Amino acid sequence: MAHLQMVNMNKVYPNGYHAAHDVNLDIKDKEFICLVGSSGCGKTTILRMVAGLDEITSGDFYIDGVRANDQTARQRGIAMVFQSYALYPHLTVYENLAFGLTLDGIDADIIDDKVQQTAQILGITQYLDRFPRQLSGGQQQRVAVGRALIRKVKIFLMDEPLSNLDAKQRVTMRSEIKQIHNAIGATTIYVTHDQTEAMTMSDRIVVMSIGYIQQVGTPYELYFYPKNKFVAGFIGDPPMNFIPGVVVDGKFTSEKVKGLSFDVKNCVDDPASVEGKEVWFAFRPEHIKLEKNAAPEGEVINFTSTVELTELLGDTTNVYAIVGETVDEYGEKSDAHLNVILKINPHDTPEVGGEFDFYLPFKNAYLFDKETEEVIPWDIDRHL
């Protein structure tokens with residue numbers, strides 16, 4: 001199908017805004033790649049440069065080793081699915097699917113075969129005589145995907161195609177788009193701000209922030225081995241908890257959480273490298289334990305918290321809690337506390353306003369340099 005390479009690609013708009021900085025990506029043939037990040041991070045800009053809709057300011061884009069900077073979208077063999085679906089409202093579903101093939105002058109019998117095959121794959125055969133206004137959002141999305149699919153191109157580009165659907169439709173369409181990708185084998189670049197879509201659909205994820213690629217990896221790699229604080233905080237729901245502090249005499253302490261102290265030799269490769277440094281101590285909400293004996297003595301960090309709010313989600317409960325001291329020894333309001341989010345078994349849901357003890361195994365702890373925000377190396381299999 002198509003092997004894509006982006007080499008030092010930049011996009012600078014006429015007003016001087018630098019939307020994409022030195023993008024370097026190597027996308028394998030038939031791979032499903034997700035570009036993920038907050039609005040304005042540059043992910044759609046990259047997609048438009050790949051599509052040929054935006055000119056590449058500097059750098060190179062290759063398709064199967066051939067430089068494609070000056071090729072049109074049709075020459076590149078690309079089909080794009082937009083957030084707005086971009087269906088022709090005055091044409092039926094059949095006519096929308098057939099439109100591109102008709103422009104290419106393909107024989108009517110061949111067009112009919114292709115439309116029927118595509119409609120069957122997408123489960124929209126019964127809607128071929130309807131107009132877009134007579135379809136639900138999910139059905140319109142299938143037609144938009146079908147219009148790209150029918151052209152048998154080697155590269156699919158999708159720009160937040162599920163953002164207009166409700167939650168249930170998004171879940172259904174995620175699996176359907178992935179199944180279609182597996183069936184046809186086109187190289188796919190999928191843009192989304194929804195990390196759940198990225199985690200569940202992609203072979204690899206490209207995490208972006210303010211025009212820069214932060215990390216490229218499999219969903220597993222990004223979740224368990226984030227390279228920096230941004231990736232760690234972006235991937236995961238609820239997000240990772242971060243507690244600021246400093247390392248002195250080999251121990252982490254925090255002004256924001258009074259009483260929190262532990263030996264950093266348990267969670268970094270080289271304790272001397274962080275001595276005297278300001279760092280972020282971090283952990284994921286689901287990695288906490290409720291039993292002190294969840295790990296051998298000395299291999300857990302102990303917390304006492306006050307419960308502010310609980311959210312029962314069915315299979316889990318989110319606990320919003322305060323760790324540290326809210327009132328000082330004189331009965332005055334204290335700043336030595338911090339809010340954290342925990343994820344626990346719903347059968348263990350605590351009372352709001354009550355105390356709640358929990359424990360974090362050192363193997364689930366992360367430290368990030370506060371200045372660079374890079375993760376501090378620690379050679380451990382965190383999934384164990």
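Which residue in β5 does I63 stand opposite? In this predicted model, where local features need pLDDT of at least 70, side-chain atom pairs count only at pLDDT 80 or more and totals for chains, interfaces and linings use all residues, I63 stands opposite V66 in β5. Residues are numbered from 1 along each chain as its sequence is written, and side-chain values use heavy atoms, with hydrogens and water left out.

The strands named here (DSSP runs of E, at least two residues, numbered from the N terminus, just as helices are runs of H or I of at least four) form an open sheet of four with the order β2-β1-β4-β5 and antiparallel pairing; two strands pair if DSSP finds at least two bridges between them. The edge strands, β2 (18-27) and β5 (66-67), each pair on one side only.

| Strand pair | Bridges | Sense |
|---|---|---|
| β1 and β2 | six bridges | antiparallel |
| β1 and β4 | five bridges | antiparallel |
| β4 and β5 | two bridges | antiparallel |

Within these pairs, V12 has H18 in β2 as its bridge partner, while M6 stands opposite F61 in β4. The hairpin of β4 and β5 has two residues between the strands, and D64 takes a positive phi near 50° there.
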